[in-house]
Amino acid sequence: MKEKGLLIVLSGPSGVGKGTVRKEIFSQPDTAFEYSISMTTRKPRQGEVDGVDYFFKSREEFETLIEQDKLLEYAEFVGNYYGTPVDYVKQTLNEGKDVFLEIEVQGAKQVREKFPDGLFIFLVPPSLSELKNRIVTRGTETEDIINNRLSAAKEEIEMMKLYDYVVENDQVENACDRINAIVVAEHCRRTRVEPRYLKMLEAE
Ligand SMILES: Nc1nc2c(ncn2[C@@H]2O[C@H](COP(=O)(O)OP(=O)(O)O)[C@@H](O)[C@H]2O)c(=O)[nH]1
Ligand SMILES: Nc1ncnc2c1ncn2[C@@H]1O[C@H](COP(=O)(O)OP(=O)(O)O)[C@@H](O)[C@H]1O
């Protein structure tokens with residue numbers, strides 16, 4: 001039987017650069033992870049495409065997905081629902097491929113309960129003032145929403161102790177290198193206890 005893939009979860013406060021880092025990782029030709037596209041009730045930002053950035057849903061559609069148990073996890077974040085489609089994740093892991101989720105902390109907690117051996121990575125900014133600077137310069141939110149996201153950020157940073165690794169996003173390239181290195185190390189750690197290697201020793 002094929003080994004199952006690794007479930008990689010990336011979280012971090014709004015504006016830290018999760019989307020930027022994730023896009024950079026997926027633009028690298030040798031990236032072997034599969035990105036799980038989330039469902040959301042948030043309105044698309046300029047340039048966002050349905051089925052690429054998110055599956056954009058109405059609240060009614062989203063609540064039906066919840067009732068039908070179609071989500072691995074979901075959470076309400078600053079007034080909108082966000083959730084991970086369960087079938088895609090399970091099927092892809094069963095095919096032996098690594099799945100990458102970019103989700104907020106309440107959802108990550110639910111994933112941890114269902115997949116305790118997932119790999120949980122938390123992205124942090126160099127400072128809170130730099131975080132604010134990044135949200136403001138991104139220019140996609142109104143001042144009210146920026147303030148709500150900044151107060152959510154402080155609570156989110158509190159949660160970083162629940163993660164396996166904390167990665168600073170000082171430079172995008174550095175953050176990507178650190179995440180890739182963590183995934184490689186995690187694969188090596190798991191290989192160490194794979195039955196076929198243990199058998200190899202017994203056969204000596
Ligand atoms: N729980 C959960 N959070 C998600 C999901 N998809 C995205 N998020 C998170 O929801 C938050 C808001 O996302 P978004 O509105 O796209 O803003 P941005 O990530 O700050 O650019 C971020 O922390 C995302 O990582 C999901 O499927 N589940
Ligand atoms: N390492 C970095 N240094 C400087 N700016 C960054 C860095 N990473 C991301 N940014 C910028 O910060 C803003 C927020 O990034 P984004 O990826 O949208 O964050 P998130 O998905 O965590 O909300 C964007 O304008 C992005 O270009």
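Which residue in E9 does Val124 stand opposite? It's Glu168, and to see where that pair sits, let's walk through the model.

First, some ground rules. What you have here is a predicted model, where local features need pLDDT of at least 70, side-chain atom pairs count only at pLDDT 80 or more, and totals for chains, interfaces and linings use all residues. Residues are numbered from 1 along each chain as its sequence is written, while chains are lettered from A and ligands numbered from 1 in the order in which they are written.

How confident is the predictor? Its per-residue confidence is called pLDDT and runs from 0 to 100; the chain's mean is 92, with 98% of its residues at 70 or more. The scores for the model are ipTM 0.97 and pTM 0.93.

Now the sheet. Helices (H or I, at least four residues) and strands (E, at least two) are DSSP runs, numbered from the N terminus, and two strands pair if DSSP finds at least two bridges between them. Strands of a sheet pair through backbone hydrogen bonds, either parallel or antiparallel. Here five strands make an open sheet, in the order E2-E7-E1-E8-E9, and the pairing is parallel. At the edges you'll find strand E2 (33-35) and strand E9 (165-168), each pairing on one side only. Back to our opening pair: strand E8 (residues 119-124) joins E9 in the parallel sense over four bridges.

A helix lies against this sheet. Helix H4 (residues 105-114) packs on it and touches strand E1 (7-11), strand E7 (98-102) and E8; a contact needs C-beta atoms, placed from the backbone, within 7 Å. The direction of H4 makes about 155° with that of E1, using lines fitted to C-alpha atoms (for helices, over the stretch in contact) and angles from 0 to 180 degrees between N-to-C directions.

Next, the ligands. A residue is near a molecule if its C-beta atom, placed from the backbone, lies within 6 Å of it. Ligand 1 has 16 residues around it, and Ser38, Tyr82, Ile103, Glu104 and Gly107 come nearest. Helix H1 (18-27), strand E5 (71-77) and strand E6 (80-85) each supply at least two residues of that shell. Ligand 2 is surrounded by 15 residues, the closest being Gly17, Lys18, Gly19, Thr20 and Arg134. Two or more residues of the shell around ligand 2 come from each of H1 and helix H5 (128-138). So helix H1 turns up in the shell of ligand 1 and in that of ligand 2.

Note on methods
pLDDT is the predictor's confidence in each residue, from 0 to 100. Two residues are in contact if their C-beta atoms, placed from the backbone, lie within 7 Å.
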